[in-house]
Amino acid sequence: MDYSPLWISLRTAIAATVFSVAIGLAAAHYTVRLGKTLKGLVDGLLTLPIILPPTVVGYFLLLFFGVNGPAGRLVQALFHERVVFSWYAPIIASTVVAFPLFYRTMRGAFEEFDRTLIHSGQTLGLSNAFIFWRVILPNCRPSFIAGTVLTFARALGEFGATMMLAGNIPGRTATISIAVYSAMAAGNDALARRWVLIDLAISFGAMLIMNFTGGGLRRRGAGSGERRTPWLSR
Amino acid sequence: MALEVDIKKRLPGFTLEVRLKAEDEIVGLLGASGSGKSMTLKCVAGVETPDEGVILLNGRPLFDSDRNINLPPQKRRVGYLFQSAALFPNMTVAQNILCVLKDKAPRAEKRRVVEDVLRRLGLEGLGDRYPAELSGGQRQRAALARILVTKPDIIMLDEPFSALDAYLRWQLEQEMRLVLRDFGGTSLFVSHDRDEVYRLCDSIAVLSGGRVAAAGDKWAIFNNPESFAACQLTGCKNISPARTAGENAVFAEDWGVTLRIQTPPREPVRYVGIRAHDLEPCRGGDGPNAFPCEVVEALRDTFSMVFLLRLAPGAKTLRLEMSREAYKALGGPPEYVRLPPEKLLPLTRD
C-alpha cells in the first residue's frame with residue numbers, strides 16, 4: 001500500500017495549522033481593537049472561507065494563484081514555477097479554509113478577556129508585547145488549544161478547495177480525503193475503508209488531545225506541596 | 001508634589017468634566033455609580049483618553065490636549081488598584097511581583113525586593129500561591145504589593161474593599177491606611193461608601209453627574225455639604241427642597257414646616273437637610289423648630305430604632321434614628337420632634 005497520502009495529509013495539516021495559528025492570532029489581535037463598522041467588515045471577510053462551499057473557495061484560489069492570477073504571476077516571476085498542482089498548493093488551500101476557525105475562537109477569547117488585567121499590566125509599566133504573550137495568551141489557553149485542534153481537524157479533512165487548486169496527483173498532492181475519493185471512484189472498497197479508518201484514528205486522537213489538555217486552565221491544588229517558586233523562603 | 005486634573009470627556013449619557021487638585025494626602029472620590037469616579041481614574045492612568053484638558057502629576061504633564069501630550073500608561077508612574085485586584089491568574093503572587101520589576105536589576109536583588117514587600121504586607125508564606133488560592137483581602141494586599149514595588153508617584157484605589165466580606169473589609173481598610181500613610185505621596189481613593197471615605201481620607205471630592213459637586217477638607221464637607229449631591233452622598237437621609245421665608249428662616253416644602261436656621265448662607269437656600277440621628281425627640285412643642293409629629297412607621301434596625309415621622313398633614317416623612325437606650329429612656333414613640341437649628345444643613349446648589 002502506498003502510504004504517501006498519509007504523509008501528505010499530515011504535512012499539509014500541520015503546516016496549515018501553524019500558518020493558521022500565526023495569521024489567526026495576528027488577525028484576532030487586531031480586529032478586536034477595530035471600530036464597530038470596520039470590525040464587522042473585516043470579520044465578515046475573514047470568516048467567509050468557512051461559510052462558502054469549498055469549491056467556491058477553490059475557484060477564488062484559482063483566480064488568485066492561477067497562471068493569470070496576481071499571486072500566480074508573482075511566484076512565476078520570482079521562482080519560475082506554478083502554484084497550481086504544486087506540492088504546497090494543498091497547504092495554501094487548507095490554510096485558507098481552516099484559518100477562520102482559529103481566528104474566530106481566538107477573537108472570542110480576546111473579546112471576553114478581562115480588560116482590567118491589561119490595564120493593570122500597562123499601569124505597572126509592562127510592555128504591550130509582554131502583556132500579550134505572558135498574560136493574555138496563557139489565560140486564553142483553553143481557547144488556543146481548542147482553536148488549534150479544530151483547525152488541524154478541518155485542515156486534515158480538506159477536500160474541495162484542495163481538489164480545485166492542487167488536483168489529485170498521487171505522491172504530490174493527493175491527501176487522505178482525496179485518496180478515499182479516488183479509491184471509491186476506482187471501486188477499491190478495501191483501500192477506501194483502510195484510509196477511512198486511518199482518518200478516523202487521527203481525527204479522534206486530535207479530539208482526545210483537546211479534551212484532555214484544553215478543558216480549562218490547569219488545576220492547581222492549594223495543598224499540593226509543590227514548590228512553584230523554589231527560591232522563596234517559606 | 002501633587003496631582004492636578006482638569007479634563008473633559010464626552011461619554012454616552014453624560015459629559016465628564018472634572019477639575020481636581022490633590023496634595024500629598026489621601027483624597028476620597030465619593031460618588032454614586034455612574035458619576036464618573038472610575039472614568040476619572042482611568043483618564044489619570046492613561047487607559048482612557050479625555051477629549052481635552054490637562055493632567056499634571058508632580059508638575060509632569062501626563063496629558064495635555066493643547067500641547068499634544070498623551071503619555072502611555074506605562075510611562076505615567078501611576079499605581080492603579082482595581083476592585084478585582086487584577087493579579088495575573090497564570091502567575092504565583094511572587095511571579096506577579098517579580099515580573100513588574102525592571103529587567104536590569106540583578107536577580108538576587110529582585111528576589112530580596114519581593115520577599116521584603118511580601119513581609120511588609122503580611123503575605124509571608126503566600127508568595128507561592130496562585131491568586132485563585134488567596135482570600136479576597138490577600139489578593140488586594142498582593143495587588144498593592146505589586147504596585148508598591150514599581151514605586152509609583154500616585155496610588156489610585158478603585159473601590160478596593162467592595163468585593164470583600166464586611167469583617168475582612170474593616171481589617172484591610174486599617175492595613176491599607178497604614179500602607180498609604182507610609183507611601184506618603186498622593187492617593188486617590190474611589191468609593192461610594194461615605195463611612196469608608198470618612199475614616200480613610202484627609203479630603204474629599206464629591207462627584208455627581210460627571211462633575212465635582214464639592215471638594216475640600218472632609219470635616220468641612222460633612223459639616224457643611226453646601227450642595228444636594230454632597231449632602232446626599234455624605235449619607236444625609238432627610239433632604240427637602242426649601243425657600244427663604246424671612247430672616248434666618250426657610251420653608252421646607254416636603255415637610256410642610258418653616259424652620260429657623262442658624263447661619264443663613266449668602267446665596268439663596270434651595271434645599272435643607274438634616275441627618276437622621278440629629279433629629280431630637282422631645283416632650284413638648286417648646287423652643288425653636290419643635291413640632292408635633294405623627295409616627296408613620298417604626299422600624300427596628302440592628303442597633304437602633306428608626307421612625308418615619310410626618311410633621312404636617314399630607315407632607316413627606318422625615319427619618320429619625322436613635323439608639324435602643326435612648327428609645328428606652330424616652331419610654332415610647334416620639335410625640336414631638338425638634339430639628340436643632342445648628343444641625344440643619346442649608347444647601348444652595350444641586
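What percentage of the 350 residues in chain B is buried? Buried residues account for 51% of them. The model is predicted, and every value below is computed from it.

Start with the make-up of chain B. Nine helices and 22 strands are found there. Its C-alpha atoms occupy a box of roughly 80 × 50 × 30 Å along the principal axes. Contacts across the sequence are counted between residues at least 6 apart. Of these contacts in chain B, 62% link residues at least 24 apart. The charges come next. Chain B carries 48 positive and 46 negative side chains. The centres of these two sets are 4 Å apart.

Now turn to chain A. Its secondary structure consists of eleven helices and zero strands. The pattern along the sequence reads α-α-α-α-α-α-α-α-α-α-α. Of the 234 residues in chain A, 43% are buried. Take the contacts in chain A between residues at least 6 apart in sequence: 72% of them join residues at least 24 apart. The accessible surface of chain A is about 12400 Å². Carbon and sulfur atoms hold 67% of it. Chain A has 21 positive and 10 negative side chains. Here the centres of the two sets lie 8 Å apart.

One helix of chain A deserves a walk along its length. Helix 2 of chain A covers residues 36–51, which is 16 residues. From first C-alpha to last, helix 2 reaches 21 Å, close to the 22 Å expected at 1.5 Å a residue. Where does helix 2 of chain A have a kink? The kink, of about 30 degrees, is at Leu45(A), shortly before the proline Pro49(A). Pro49(A) is also one of the buried residues of helix 2, together with Asp43(A) and Thr47(A). What do the buried residues of helix 2 pack against? Their partners are helix 3 (54–65) and helix 5 (89–112) of chain A.

Back in chain B, look at the backbone in two loops. Most residues other than glycine have a negative phi. Glu226(B) is not a glycine, yet its phi is positive, about 65 degrees. Glu226(B) sits in the loop between helix 7 (218–223) and helix 8 (228–233) of chain B. Its relative accessible area is 36%, so Glu226(B) is partly exposed. Asn248(B) also has a positive phi, near 55 degrees, without being a glycine. Asn248(B) belongs to the loop between strand 12 (238–244) and strand 13 (249–252) of chain B. Asn248(B) counts as partly exposed because its relative accessibility is 32%.

Finish at another glutamate of chain B. Glu196(B) lies in helix 6, residues 194–200. Is Glu196(B) buried or exposed? Glu196(B) is buried, because its relative accessible area is 5%, and the cut-off for buried is under 20%. Which residues does Glu196(B) touch, leaving aside those up to four places away in sequence? Its contacts are Phe161(B), Arg169(B), Glu173(B), Phe189(B) and Ser191(B).

Conventions. Residues are numbered from 1 along each chain as its sequence is written. Chains are lettered from A and ligands numbered from 1 in the order in which they are written. This is a predicted model: local features need pLDDT of at least 70, side-chain atom pairs count only at pLDDT 80 or more; totals for chains, interfaces and linings use all residues. Side-chain values use heavy atoms; hydrogens and water are left out. Helices (H or I, at least four residues) and strands (E, at least two) are DSSP runs, numbered from the N terminus. The expected span of a helix is 1.5 Å times one less than its number of residues. The bend at a residue is the angle between axes fitted to the seven residues ending there and the seven starting there. Buried means under 20% relative accessible area, exposed over 50%, partly exposed in between (1.4 Å probe, protein chains only). Contact means heavy atoms within 4.5 Å. Lys and Arg count as positive and Asp and Glu as negative; His and the chain ends are not counted. The place of a charge is taken as NZ of Lys, CZ of Arg, CG of Asp or CD of Glu. Accessible areas come from the Shrake-Rupley method with a 1.4 Å probe; for residues, only the protein chains shown count as cover.
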